[in-house]
Amino acid sequence: MAQAESSDGIPRQGILLAAAMFVFVIDTSFMNVSISAVVEDLDTTVSGVQSAVAIEALVSAAFILISSKLGDLFGRKRAFVLGMLFYAVGALAMVFAQGLTAIIVFWAVLGGLGASLYLPAMQSLIHGNFEGKARAKVFALVGASGAIAAAIGPLIGGFVTTLLSWRVGFLLEALIIGVVLLGSRGIRDVPYAGDRSVDVPGAFLSVIGMGGLVLGVLAWQEGGESVALLLAIGAAAMAGLVYWLVRRKREGKPALLDPGLFSSKLFSTGVTQIFLQQVALGGLLIALPIFLQLVWGYNALQAGITLAPLSLTMFGVALLAGRRAGRRRASSIIRAGFVLLAVSIAGLILLVPRADSGWHLAVPLMLAGAGLGLLASQLNNYALAPLSEERVGEAAGVTSATGSFGLSFGLAFAGAIMLATLSTSFTNMAESSSVLPPADQERVATVLEEDAQVMSDAQLEELLAGQPEDIQDEVLAINDDARDLALQVALLVALLAALVGIAVAFRMMRLPDPAPSATDPVGLG
């Protein structure tokens, strides 16, 4: 089918689809670098905003497999448009929200559902609307737009938030979505000719399994009483999903996904590494912005500039490594990526108590970006390359869901660990202080333990106004030690994921490497 092209030969409808991917990737960047502004404007807590970020990633992961099937049944273009509309409502909710509840309901839940609808539909629409070189160009453009959004998202978000408002960033998102929807009339629907049955029990178990695990972590962070129950329900549902899928496969009945995919060692190890990569990335993306903004008191622009070495290096290395794919074994590149990531996180853990400026973190953040860039250039192709053409779509849904679940788990677990450690360590240090009188020990510990709220020096000094100077100095010193320890413990989540990734990479070295994929021309994974 003939497509109108831009001046550089890229189909215009492809540019619209790339814009849809750009919005998806940049959305979380806006939220991460705006945490302090959102907390202040909405009079909420860091843990509440962090929970919203984790829930948004969780919802998109939990529903992406069933949403992909719904798109097959009711129309890929219809799913794309509906998903974009949901995403637009989520963005507009951020523009007008006056409380955390609206953000969780509309941005996290409805926006997450929107992403689960339009992302798989977008892949099918690209495949069905373009052919030959045009299809390769569009796939490359969509991949590049996501990578560019990841690279410049913290900078754009920080700039807009600092000079205008964090709400303006989400308004820009909604405007981009409006342009995409207006132009989508020129995108042709792609009918589905496969099996139209729906595995409802499988879909239910996948949602309950992933949801229970992440919500259990968030409940623990908030001091809920049902933590163990939620985690047990999540684990039981995931075990039930495995049993159900194997049983359906044995009986020859349609299933949410084919468990036979995991019979490929390349696919199963690739999916494992994607999960670990995203857990590590999620841990970094939540712990560092919280620390920079609400501990060092950085504004959104300063936080974005501090994180730029991570995102820009990740983009550059992914691009370079992807273009040179085939010159080295994919498994050795993946191993090098996890080694770089582990070394950089260990460096951050050692630097935190000594650093007092974002510039001190630049080198380890560049190393982390280089490691993540190497992983991004290889992992999707490693997992998908050994599969036949007719199974790639289903397998890509699995890798997408796994990556989103890993990201949500990393965000939830690292954020919860950070805030819980801050609360506990400050309380213990305050109560064991030889400077603070017993009455002040209990009062200070209670104030700062409430809601596990991170405080900057300026906020803490305001709280301590009127106290004797020696007490102020003691509380500030305790706070310095407690918040440094909290970030170090949170980074251990990312470090553990990277170390497990190294161990799995050594197993990968014993397997034959897949051939480079022709459908990922820019090498961005």
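Which residues line the second largest cavity? They are S67, S68, G71, D72, R76, A79, L117, P120, A121 and S124. Welcome to a short tour of a predicted model, in which local features need pLDDT of at least 70, side-chain atom pairs count only at pLDDT 80 or more, and totals for chains, interfaces and linings use all residues. Residues are numbered from 1 along each chain as its sequence is written, and side-chain values use heavy atoms, with hydrogens and water left out.

**Cavities**

- A cavity here is a set of points, on a 1 Å grid over the protein atoms alone, where a 1.4 Å probe fits but cannot get out, and its lining residues have an atom within 4 Å of a point.
- Grid points are joined across faces, edges and corners, and a volume is the space filled by probe spheres set on the points.
- Counted this way, the model has three cavities of 30 Å³ or more.
- The second largest cavity holds about 40 Å³ of space.
- Two or more residues of its lining come from each of α3 (46–74), α4 (76–96) and α5 (100–129); helices are DSSP runs (H or I, at least four residues), numbered from the N terminus.
- By residue class, the lining of the second largest cavity has four nonpolar, four polar and two charged residues.

**Salt bridge**

- Side chains of opposite charge can pair when their charged atoms come close.
- The whole structure contains one salt bridge, meaning a side-chain nitrogen of Lys or Arg within 4 Å of a carboxyl oxygen of Asp or Glu.
- Its partners are R247 and E251, whose closest N and O atoms are 3.2 Å apart.
- Both R247 and E251 sit in helix α9 (residues 227–251), four residues apart, which is about one turn of the helix.
- R247 is partly exposed, at 33% relative accessible area, and E251 is partly exposed too, at 38%; the classes are buried under 20%, exposed over 50% and partly exposed in between (1.4 Å probe, protein chains only).

**Nonpolar surface patch**

- L92, F96, L171, L172 and L175 make up a nonpolar patch on the surface, with about 460 Å² of accessible area together.
- Patch residues have over 30% relative accessible area and no salt bridge, and nonpolar side chains (Val, Leu, Ile, Met, Phe, Trp, Tyr) are joined within 5 Å.
- The accessible areas come from the Shrake-Rupley method with a 1.4 Å probe, and for residues only the protein chains shown count as cover.
- At least two patch residues come from each of α4 and α7 (166–183), and α7 gives the most, with three.
- L171, in helix α7, is partly exposed, with a relative accessible area of 35%.

**Other residues to look at**

- A88 belongs to helix α4 and is buried, at 11% relative accessible area.
- A383, in helix α13 (residues 362–384), is buried at 0% relative accessibility.
- A383 and F267 are 116 residues apart along the chain, and their C-alpha atoms are separated by 4.1 Å.
- D43 lies in the loop between α2 (35–42) and α3, and is exposed at 72% relative accessible area.
- Although D43 is not a glycine, its phi is positive, at about 55 degrees.

Definitions and conventions: 1 Å grid on protein atoms, 1.4 Å probe; cavity = no way out; pocket = protein on both sides within 12 Å on 5 of 7 lines; lining within 4 Å. Nonpolar A, V, L, I, M, F, W, Y, C, P; charged D, E, K, R; others polar. Patch = residues over 30% accessible without salt bridge, like charges linked within 9 Å, V, L, I, M, F, W, Y side chains within 5 Å.
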